[in-house]
Amino acid sequence: MQNKDNQSLKTRKSDHLDLAKKAQTLSDSIDSRFDFEPLFGTHPEDGRFGLETEFLGKKMKAPLWISSMTGGTKEAGELNRLWAQVASEFGLGLGLGSCRILFDDPSRWSDFDLRPILGEELPFYANLGVAQIESILEKSEVKKVEDLVGRLRADGLIIHINPLQEWFQPGGDRFKRSPLDTITEFLDSFSHNVIVKEVGQGFGPRSLEALIKLPLAAIDFGAFGGTNFTKLEMMRNKVTDFSSFSNFSYVGHTADEMVIWARQVLDKLGNKALCKSFIISGGVKDSLHGFYLMEKLGASCVYAQAKAFLEKGREGLPALRTFVENQLRGLALSQAFLRVKN
């Protein structure tokens, strides 16, 4: 055993010498967001990351949220169950993709019925578009949404706001009222928690302030920098008349911008801020970026990803588990040795 350890040490030292030149870094490549403080932390233990947090009244093992995806696709059921499995194993929050299809095709119920996999302890939210909520209010059918959330045993509803996506989507819905008016009226008659989410272009400062003034459970950024559904619909739409509108896919706000604005609004409103919880999503590159944004916001928050979970989900459960483990290792390492600069 001693000889084996000695050989391993010699190999490692040899590798260090061979790779020293390739491992050189330039001073202008330093990550200036952080102070690196190597004296005060300990290495995280595998499987015990010390990242527990309370969010939306529930305890999570880590501040990582699986964002809403795959509302009506054929593979939605299989992917939803994979995401629910890793959410259960690692103690994460989960938001469903649009549940609109369940109103028209109840046979798809099993694709969304994830509470038996998740368990009761973790946050789990259904999802509908603001256009559907507008129509439901017109028809006085809020009970349909109550029944949907109740039957799914969800903790509440995510309302996604997507005016540009709907405009460029062939056959997309048209808003007759402002989303703010729709949400405000819905809150008066809905008994469960409500999260409001954008879908890839984020919220400007005025929209953020208006939402923070509402009694929402949370605001999900859906910021610019991740999947952009306006651009997606333009790519799907073969009608050349829409080409002159292509610059609309570049309109929006990044999560880094929105974190600053949200912090400013919370400080400005004080006790008048009714929503103080956030899901930071949209262009979150990795756990280091997620850690930075959460620390910068300094409120009750988690960070979320969608594309990465979709890609790894399509690779299967082992790849998904490895991805989540690496995210949590990165978060724990950041928590131990990094401090965000003011």
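## Basis of the model

Residues are numbered from 1 along each chain as its sequence is written. Because the model is predicted, local features need pLDDT of at least 70 and side-chain atom pairs count only at pLDDT 80 or more, while totals for chains, interfaces and linings use all residues; side-chain values use heavy atoms, without hydrogens or water.

## Overall structure

The protein contains 15 helices and 12 strands (DSSP runs of H or I with at least four residues, and of E with at least two, numbered from the N terminus). Of its 342 residues, 47% are buried, that is, under 20% relative accessible area with a 1.4 Å probe, counting protein chains only.

A contact means heavy atoms within 4.5 Å. Among contacts between residues at least 6 apart in sequence, 76% join residues at least 24 apart.

## Nonpolar cores

In soluble globular proteins, nonpolar side chains tend to be buried together. A nonpolar core is a set of buried Ala, Val, Leu, Ile, Met, Phe, Trp, Tyr and Cys residues joined through side-chain atoms within 4.5 Å. The largest such core has 85 residues, and those touching the most other members are Leu152, Leu157, Phe186, Leu216, Phe221 and Ile280. Helix H12 (residues 255-269) supplies the largest share of this core, 8 residues. A second, separate core of 12 residues includes Leu56, Ile158, Ile195 and Val302.

## Leucine 328

Leucine 328 lies in helix H15 (residues 317-337) and counts as buried because its relative accessibility is 3%. Leaving aside residues up to four places away in sequence, leucine 328 touches Phe49, Leu51, Ala62, Leu64 and Phe90. The C-alpha atoms of leucine 328 and leucine 51 are separated by 8.0 Å, although these residues are 277 residues apart along the chain.

Note on methods: Buried < 20%, exposed > 50% of the residue type's maximum accessible area, 1.4 Å probe, protein only.
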